[in-house]
Amino acid sequence: SLPSLAAGELDVTGATISAGLFNLMARGLGIRMFMERGRETPGMGSNAILVSNELWERGFRNREGYRLARGQAIGISSRGSVAQYLHTVALDRAGLRPDDVDWRWGMAPNTSLPLMRQNRVGIINLPLPGAYAAQNQGIGRVATWSDEIAPGMVLACSVASERFLRDRHSAAVRFCMAIMQGNREFMAAAGDGDPEILRILAAGTQLTPEVIDSTRPRWTFMQVDGTPNLPSIIEQQRFWRERTDLLARAVPEEQLFDSRAITEARRRLENDNPFA
């Protein structure tokens with residue numbers, strides 16, 4: 001959706017924090033993040049690190065298990081992705097370099113999972129509920145989680161053009177108000193399993209309410225008012241700029257995030273919540 005946003009065909013979209021997003025923003029097209037849409041906070045990270053049964057038996061059962069990753073094949077969909085960031089941070093902590101592993105690029109789960117079953121791929125990043133399903137099928141084991149590797153890492157933000165945020169400020173504010181209310185209900189349901197919210201999530205994901213319920217409380221953490229963990233976003237941009245060749249130019253920090261819409265939305269909800 002990001003190229004469509006840049007072309008003016010969309011007003012708002014959601015985007016994972018990736019090298020591709022920073023590249024688009026750095027091109028001077030007037031694109032800003034304006035609301036956080038998920039982070040991996042301790043205890044609520046939804047991205048599992050799945051390892052082969054062979055690696056599990058060798059002791060890869062927590063974040064420190066990455067010390068066993070030397071020479072292992074990591075199945076990964078694309079360069080510049082959240083998965084690449086997570087694996088590299090974990091390798092750093094284990095004292096290994098990216099060149100110490102065999103990156104298998106272009107591998108979607110339907111390719112990497114059969115290879116993991118054969119112990120030909122050792123490590124993959126797999127969000128819930130897919131990670132639990134793979135573990136239940138005996139393909140591999142969940143060894144650690146994104147929130148243990150990079151606590152507080154921002155996964156995604158709502159993104160819009162500066163023109164939209166300026167000229168259609170009222171629409172942006174009302175959009176944020178609706179998302180904030182949704183965040184409240186989502187976070188409450190992560191704790192209490194509200195059946196109505198489970199049904200809404202099931203309808204939106206084509207999964208059953210029972211499957212959605214089985215992943216609680218490891219849902220992605222939603223900061224209710226959309227205020228971003230800006231240090232995480234800055235750190236991720238620094239990673240892509242300094243550690244890879246995927247980001248030629250950095251976005252000035254003051255141009256990453258526009259907080260005007262969430263600030264007004266928060267004030268309006270505090271004064272008179274139309275959803276209550």
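Start with the rings: select Tyr85, Phe239 and Trp240, which ring pairs link into a cluster. Here a pair means rings of Phe, Tyr or Trp (its six-membered ring) with centres within 6.5 Å; planes under 30 degrees apart are called stacked, over 60 edge-to-face, and the rest tilted. By that rule the count comes to 7 aromatic pairs.

Before going further, keep in mind that this is a predicted model: local features need pLDDT of at least 70, side-chain atom pairs count only at pLDDT 80 or more, and totals for chains, interfaces and linings use all residues. Numbering runs from 1 along each chain as its sequence is written, and side-chain values use heavy atoms, with hydrogens and water left out.

**Stop 1: two helices**

Now show helix α4 (residues 82–93) and helix α12 (residues 230–243), which pack at an angle of about 80 degrees with their axes 12 Å apart. Helices (H or I, at least four residues) and strands (E, at least two) are DSSP runs, numbered from the N terminus. Axes are lines fitted to C-alpha atoms, for helices over the stretch in contact, and angles run from 0 to 180 degrees between N-to-C directions. That makes α4 and α12 roughly perpendicular to each other (under 35 degrees is roughly parallel, over 145 roughly antiparallel, 65 to 115 roughly perpendicular, and the rest oblique).

Which residues in α4 meet α12? Pick Gln84, Tyr85, Thr88 and Asp92 in α4, then Glu235, Gln236, Phe239, Trp240 and Arg243 in α12. The residues of this contact divide into 3 nonpolar, 3 polar and 3 charged. Contact means heavy atoms within 4.5 Å.

Zoom in on Thr88, in helix α4. Is Thr88 buried or exposed? Thr88 is buried, with a relative accessible area of 4% (buried is under 20%, exposed over 50%, partly exposed in between, using a 1.4 Å probe and protein chains only). Leaving out residues up to four places away in sequence, Thr88 touches Pro98, Trp103, Phe239 and Arg243.

**Stop 2: the sheet of five**

Two strands pair if DSSP finds at least two bridges between them.

Strand β4 (residues 47–52) is joined to β8 by 5 bridges, and the two run antiparallel. To find one of them, select Ser52, whose bridge partner in β8 is Gly140.

**Stop 3**

Show Trp103 and Trp105, a stacked pair with 5.4 Å centre to centre and 10 degrees between the planes. Trp103 is buried at 16% relative accessibility, whereas Trp105 is partly exposed at 27%.

Then show Tyr132 and Trp145, an edge-to-face pair with 6.0 Å centre to centre and 80 degrees between the planes. Tyr132 sits in helix α6 (residues 130–136) and Trp145 in strand β8, so this pair ties together parts 13 residues apart in sequence. Tyr132 is partly exposed at 24%; Trp145 is buried at 10%.

**Stop 3: the sheet of three**

Finish on the open sheet with the order β1-β10-β2 and antiparallel pairing. Because β1 (12–16) and β2 (31–36) stand at the edges with a single partner strand each, one side of each has no neighbour in the sheet. The twist averages 40 degrees from one strand to the next.

Between β1 and strand β10 (residues 156–161) there are 5 bridges; select Ala15 and its bridge partner in β10, Cys157.

Notes: Nonpolar A, V, L, I, M, F, W, Y, C, P; charged D, E, K, R; others polar.
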